[in-house]
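This report covers selected parts of one structure, shown below.

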Amino acid sequence: MKLVPSLDLDWLLQPSQGLIYDRQLVILALSLMAIGLTMVASASIAEGIALNDDPFYFVKRHSAFLLLCLVLSGLVLQVPMSRWQQFSGSFLILALLLLLLVLVVGRNVNGSTRWLALGPINVQPAELAKLALFTFLAGYLVRRQAEVRGHWKGFLKPLAVMAAMSVLLLMQPDLGSVVVLFVTTIGMLFLAGARLSQFISLIVLGCSLVGFLIVSSPYRMRRVTSFLNPWDDPFGSGYQLTQSLMAFGRGGWLGEGLGNSIQKLEYLPEAHTDFVFAILGEELGFIGVLLVLALQAWLAFKALLIGQKVLLGGRQYEGYLAMGIGIWFSFQTVVNVGAASGLLPTKGLTLPLVSYGGSSLLVIGAAVAILVRIDHEWRRDNMQARQREAT
């Protein structure tokens, strides 16, 4: 029985046929990393001068994180997927312990305690928690698939784990990561065959809880109201969004040219992190925006395609995990771009593989390496099966 609809999209995979890895996936990830390095270099010059009297301060750090990301990705590629499935529970416990630790000894930045200081590097456990939850959830869906499909108990167990993680994240506070966890979790449960009534009930409950969290927190309420009409208070709560919209407006079709942004000159806060997409729009214009969105969409779509083909090939753990990663990438991109363009409230989420942020870059790079490993094992086993048939 097919778990997901079959799509005639083999042409997307043709350039990688005959190889033992998905070349397109690797090229997509490296392309986004290169664009990210270029935009961080451009967007962080003024901030680097202001903080450390070094225009290349942030680009040096980002380059170091990129190098570390490539090394980590190479190590992750060596780990068989059976090991991820075997130790997914331990990985989840480690992530929960780190979330607890950050509340005790974490570093406070802009009113949020989200970082653990490890010498010159700040680690954000929330990023690791996303990958840990999805690896655990994929294993749970394999073990308890019948229970998830037939009983509320099986459906609610993974939600309890997500809720425990969400409570720790909200104490930081980090509502953006909670929303990512929620959306990806319900997406994976839906793919595993959860009943529509359960799915609808969960969406209603989740939306109600998010609404309550917004109403009960003054700073979240200010973010929502400023998002609805930032021009009511352009120099207060709506300042960041109005400056971001100005950046897009200046960009036009072809942009002002790489390095020629005005908004990055201390007008737009967090220009190299959460709002790097606005600087990209100002310097590279609508064409540059479309290019980056196409690359991000293609990356997420490749993850979903890999998940589909391995699910149909009987590899359920790998399939659920790949699709979870695809949902995660796509939704986080939508939230980041939506916040920068005024379509969604600001949530403090990075643009995958593009924004400045070591923890996000390392974890998302590791997730891409997992996708490459899933695809590699599928290709390798198919190749071996064909060789046995030939002999």
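Which residue in strand 3 does Ala117 stand opposite? The residue opposite Ala117 is Asn122 in strand 3. The model is a predicted one, and the values below are computed from it.

**The sheet and the helix on it**

The sheet is open and has 3 strands, in the order 1-2-3, with antiparallel pairing. Strand 1 (107-109) and strand 3 (121-123) are the edge strands; each has a single partner strand, so one side of each has no neighbour in the sheet. On average, neighbouring strands of this sheet are turned by 50° against each other, with direction ignored.

Strand 1 and strand 2 run antiparallel and are joined by 3 bridges. In this pairing, Val109 has Ser112 in strand 2 as its bridge partner. Strand 2 (residues 112-118) also pairs with strand 3, in the antiparallel sense and over 3 bridges. Here Leu116 stands opposite Val123 in strand 3, and Ala117 stands opposite Asn122. In a regular strand, side chains alternate between the two faces of the sheet. The hairpin of strand 2 and strand 3 has 2 residues between the strands, and Gly119 in this hairpin takes a positive phi near 65°.

Helix 5 packs on the sheet, where it touches strand 1 and strand 2; the direction of helix 5 makes about 95° with that of strand 2. Ala95 belongs to this helix, which spans residues 88-105. Ala95 counts as buried because its relative accessibility is 1%, where the limit for burial is under 20%. Leaving aside neighbours within four places in sequence, the contacts of Ala95 are Ala129 and Ala132. Between the C-alpha atoms of Ala95 and Glu127 there are 9.3 Å, with 32 residues separating the two along the chain.

**From strand 3 to helix 6**

Gln124 is placed in the loop between strand 3 and helix 6. With a relative accessible area of 14%, Gln124 is buried.

Helix 6 (residues 125-143) and helix 14 have axes that come within 8 Å and cross at roughly 145°. The crossing of these two helices is right-handed. On the helix 6 side the contact is made by Lys130, Leu131, Phe134, Thr135, Ala138, Gly139, Leu141 and Val142, which meet Gln316, Tyr317, Tyr320, Leu321, Trp328 and Gln332 in helix 14. By type, the residues of this contact are 9 nonpolar, 4 polar and 1 charged.

**Aromatic pairs**

How many aromatic pairs does the count give? The count comes to 7 aromatic pairs. Two of them are set out here.

| Pair | Distance between ring centres | Angle between planes | Type |
|---|---|---|---|
| Phe58 and Tyr356 | 5.4 Å | 85° | edge-to-face |
| Trp253 and Phe286 | 5.2 Å | 85° | edge-to-face |

Planes over 60 degrees apart count as edge-to-face. Phe58 lies in helix 3 (residues 57-77), and Tyr356 lies in the loop between helix 14 (316-341) and helix 15 (358-390), so their pair ties together parts 298 residues apart in sequence. Phe58 and Tyr356 are both buried. Together with Tyr57, these two residues form a cluster linked by ring pairs.

The rings of Trp253 and Phe286 have centres 5.2 Å apart and planes at 85°, so this pair is edge-to-face. The pair links distant parts of the chain, with Trp253 in the loop between helix 12 and helix 13 (276-312) and Phe286 in helix 13, 33 residues apart. Trp253 is exposed, as its relative accessible area is 63%, whereas Phe286 is partly exposed at 39%.

**A loop residue**

Asn229 sits in the loop between helix 11 (218-228) and helix 12 (239-251). Is Asn229 buried, exposed or partly exposed? Its relative accessible area is 33%, so Asn229 is partly exposed. From Asn229 to Gly358 the C-alpha to C-alpha distance is 32 Å, and the two are 129 residues apart in sequence.

How values were computed: Residues are numbered from 1 along each chain as its sequence is written. This is a predicted model: local features need pLDDT of at least 70, side-chain atom pairs count only at pLDDT 80 or more; totals for chains, interfaces and linings use all residues. Side-chain values use heavy atoms; hydrogens and water are left out. Helices (H or I, at least four residues) and strands (E, at least two) are DSSP runs, numbered from the N terminus. Buried means under 20% relative accessible area, exposed over 50%, partly exposed in between (1.4 Å probe, protein chains only). Contact means heavy atoms within 4.5 Å. Rings of Phe, Tyr and Trp (its six-membered ring) pair if their centres lie within 6.5 Å; planes under 30 degrees apart count as stacked, over 60 as edge-to-face and the rest as tilted. Two strands pair if DSSP finds at least two bridges between them. Axes are lines fitted to C-alpha atoms, for helices over the stretch in contact, and angles run from 0 to 180 degrees between N-to-C directions. A crossing is left-handed if the near helix is turned anticlockwise from the far one by less than a right angle, and right-handed if clockwise. Ala, Val, Leu, Ile, Met, Phe, Trp, Tyr, Cys and Pro count as nonpolar, Asp, Glu, Lys and Arg as charged, and the others, Gly among them, as polar.
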